[in-house]
Amino acid sequence: MAQYKVPVLPGDGIGPEIIVEGKKVIDAAGEKFGFDVDWIEYPHGADHYLETGELISEDSLKELSNYEAIYLGSIGDDRIEPGVLEKGILLAARFYFDQYINLRPIKLLEGVWCPIKDKTPKDVDFVVVRENTEDFYIGIGGRAKTGMSKDLLEVNRTLYNAKFGLDIETDSEEIAYQIGMISKEGTQRVMNYSFDLAETREKHVSSVDKANVLSDIYGFWREEFNTIAANHPDVKTDFNFVDAITMWFVKNPEWFDVVVTPNMFGDIITDLGAMVQGGLGLAPGGNINPNGTSMFEPIHGSAPKYKGQNKVNPIATIWAGAMLIEQLGEKEAADSIVSAIEKNILEAKVQTYDMGGSNGTSDVGDDIARILLEQ
């Protein structure tokens with residue numbers, strides 16, 4: 001029997017409740033397909049931070065780097081200022097483990113209502129590959145006013161006085177700035193991943209950018225896309241401005257197979273994708289380093305107001321667990337979990353409130369585990 005050790009960060013709010021159901025279903029899959037998971041729980045989250053002042057230490061990250069995959073519930077708590085936990089734990093982990101792929105399946109399951117009229121599961125089945133470590137999320141930025149540097153003062157004058165014909169009194173003005181950066185290595189590796197993935201699917205990669213306005217950074221993105229595309233002559237390609245792709249996601253989701261996008265745009269369009277596939281409660285995600293430590297989680301938040309109520313939908317977390325064990329090499333078991341999720345939805349007997357039912361979180365986990373074992 002194959003043995004896996006998987007660290008678990010249940011996190012905050014509803015995180016501990018939904019992660020229990022994910023573990024339950026994976027354990028059932030292990031029973032059926034002949035593998036065993038040793039779950040190793042870590043405390044990092046709001047309670048741990050309030051008790052100790054620690055977000056996640058270098059020692060903890062180093063220890064976690066010994067594992068191939070991490071299972072995460074959710075991060076975020078109303079008692080702590082927004083961004084503290086998210087940056088100090090989530091982003092810290094993504095950067096430490098160099099999880100340069102954010103993988104988001106946008107798949108409408110049978111039995112799920114789609115908000116787009118007349119669209120069915122055959123129309124909504126694509127994957128968004130979001131670059132996860134660069135772009136405007138690198139953390140370089142700030143504000144400046146009286147006493148700003150000479151160089152920054154000149155930028156301010158050039159931007160406002162010359163470009164817009166405004167007479168700015170620089171000793172009383174304040175500016176805010178954020179710098180986006182992408183690298184050749186970072187861009188090429190996410191595109192290589194996307195094209196390799198497309199080779200296993202429908203052989204179609206769609207690129208997202210805003211090169212018509214942000215021509216330096218995203219013009220470079222386009223150049224690198226063409227370079228990688230030349231190595232995959234059998235893969236169809238197209239370019240999409242980010243504003244346009246939001247329209248096509250809604251009007252013609254069937255056009256897409258693999259969508260590759262810079263970090264910020266990917267953050268936005270994957271939430272739209274979640275709505276297209278039926279809602280946040282059905283949306284899993286993976287932060288992946290193909291040669292290192294990856295982390296799998298539902299894409300929704302911690303929903304503190306529902307904490308401890310056994311109310312929320314665990315399907316996104318269970319689906320993220322399927323992605324996790326597929327990363328470990330258990331593809332047949334992963335496919336069986338997704339099939340069990342779909343059957344649970346089609347039967348419509350055990351569902352949470354957001355799916356029109358009255359059952360609890362644990363009821364749904366129990367039912368999916370039962371279906372899995374009976375399939």
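The paragraphs below take up these topics in turn.

This is a predicted model, in which local features need pLDDT of at least 70 and side-chain atom pairs count only at pLDDT 80 or more, while totals for chains, interfaces and linings use all residues. Residues are numbered from 1 along each chain as its sequence is written, and side-chain values use heavy atoms, with hydrogens and water left out.

The structure holds one cavity of 30 Å³ or more; a cavity is a set of points, on a 1 Å grid over the protein atoms alone, where a 1.4 Å probe fits but cannot get out. The largest cavity has a volume of about 40 Å³, taken as the space filled by probe spheres set on the points, which are joined across faces, edges and corners. Its lining (residues with an atom within 4 Å of a point) consists of L9, I56, L64, I70, L72, I89, A93, F97 and M295. By class, this lining has nine nonpolar, no polar and no charged residues (Ala, Val, Leu, Ile, Met, Phe, Trp, Tyr, Cys and Pro count as nonpolar, Asp, Glu, Lys and Arg as charged, and the others, Gly among them, as polar). Strand β3 (69-74) and helix α4 (84-96) each supply at least two lining residues; helices (H or I, at least four residues) and strands (E, at least two) are DSSP runs, numbered from the N terminus.

In the whole structure, 23 salt bridges are found, each a side-chain nitrogen of Lys or Arg within 4 Å of a carboxyl oxygen of Asp or Glu. Because R94 lies in helix α4 and E297 in strand β12 (residues 294-298), the pair ties together parts that are 203 residues apart in sequence.

Methods. 1 Å grid on protein atoms, 1.4 Å probe; cavity = no way out; pocket = protein on both sides within 12 Å on 5 of 7 lines; lining within 4 Å.
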